[in-house]
Amino acid sequence: MTDATPVKNPRRHHHWRRDLVELAALFTAVAVADAVANTIAHGPDGPYLLAVSAVVLVATAAFHTWWARRHSHAPPAVPDTGGGPAAATAGRDTSAGTALWRMRTTVRDEPGSLAALCTALAHLHVDILTLQTHPLADGTVDEFLLRAPASLPAAALTREVAAAGGTQTWTERADAHDLVDTPARVLGLATRTALDAAELPLALRQLLGRCTIHSLPAVSPTGRPTGATAPVEGALEEGDTVMRLRDPHGGAITVERPYLPFTPTEFARARALVELDARLGPRIPRSQDVLTLPEGNEITVRRADQGDLEAARAMHDRCSDRTLGLRYHGPVGDAGSYLNHLLSPRFGRTLAVETASGRLVALGHLLWDGDETEVALLVEDDWQRRGIGSELLDRLVGLALEAGCESVYAVTQSSNTGMVAAMRGLNLPLDYQIEEGTLVITARLTGIPARRPRQQRAGRTER
């Protein structure tokens, strides 16, 4: 803010010479007016002279008005640069609405490059809402959040930017969530990651936009080394479209974005999130809900992690071969070997159900599978057909909605009527794919509002 100091009006000094000149001019004007009046009043052409004088005065006034408008020093009616809400919409046809765009383009690292780009956007009546710069070795990547007329196509925007010197231009429709400034969004992602280790893959996806994230463990579920590793400081590979980071839990985290190379700034932000996760160590939220089943038994639903490995193995030992076969679609003898992988927060979120005595009787998994999300359930035989599977599935869908997933899918067998009924009980749009007895049911979550827990909707007890 600039401090403005008021300037006092200077004292006006009157000089006697100026007064004499003004008086002389006044007396001269009176004498001339008297002579003209006598001539008109006593002359034979008095009325004609009056008419000519009137025409001359009108013409003089019109000329003076035209001259003042043409050479005025007042600001234009529609300013070129915006100074407020009125200036932002002046001279623009907003009857058709506006649209939000995210745009990234590379410009030369020299004075005037960004100014030329902003001028080109102004010619299209495009507002620049936010701007980030990503310095490179041979240029600068400028990332914009734009508000453009809805009638402006992406191709026209790209052509204008290219004419202004922008190269490798990429555009994508944005929404209201992108209006949050970058520092606030990064701090929010860091907070979520600090509270829950399972948030790291989601935080990376929201930080880097549309990308595919793979967590590669150092040891496979069968106990064999996978050889997955990454440099301590991470690395950018394959034309900067693949980011490889070292997983604090062992193995590597690979982030792929083929349509848009990563910048050094994005790489540094992603690495900072991974380092934060490594320093905080394993952690999950400790909240839990106590529910009352229709027959009166109480169960507790809570988050689970690798600390529940022994209890989960004991539950597997109590499950029948048929139950394990419907869940894992393979040899039931290897079912327990997958538990360490499934309970890891790096690969998703797990919900556990305990009885009043503390015995684990059910597990529900929400697994990050690249761009997709899988849900899986396992309920001990003696606790099936009591609504526990539907309760877990409903909560897993709620977690998927919070994570911004567009869909979830379940892989089961066509004979697993319980899982099919639970998916249908979600009251969501479903897609079915059947191949050689394997059934894949996909529930679309796009446009679905946040879901409350099933107990609150059904009026069941929850503490």
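Predicted model: local features only at pLDDT ≥ 70, side-chain atom pairs only at ≥ 80, totals over all residues.
Local features were taken at pLDDT of at least 70 and side-chain atom pairs at pLDDT 80 or more, whereas totals for chains, interfaces and linings use all residues. Residues are numbered from 1 along each chain as its sequence is written, and side-chain values use heavy atoms, with hydrogens and water left out.

Strand β10 spans residues 298-304; helices (H or I, at least four residues) and strands (E, at least two) are DSSP runs, numbered from the N terminus. Six of the seven residues of β10 are buried, that is, under 20% relative accessible area, with exposed meaning over 50% and partly exposed in between (1.4 Å probe, protein chains only). Strand β10 pairs in the antiparallel sense with β9 (residues 288-292) over five bridges and with β11 (residues 348-355) over six bridges; pairing requires that DSSP find at least two bridges between two strands. Thr-300 is the bridge partner of Val-290, and Glu-354 in β11 is the bridge partner of Thr-300.

The structure holds 21 salt bridges, each defined as a side-chain nitrogen of Lys or Arg within 4 Å of a carboxyl oxygen of Asp or Glu. Arg-303 forms one with Asp-196, with the closest N and O atoms 2.7 Å apart. This pair links strand β10 to the loop between α6 (182-195) and α7 (200-208), its residues lying 107 apart in the chain. Both Arg-303 and Asp-196 are buried. Arg-302 forms a salt bridge with Glu-354, also with a closest N to O distance of 2.7 Å, and both of these residues are buried.
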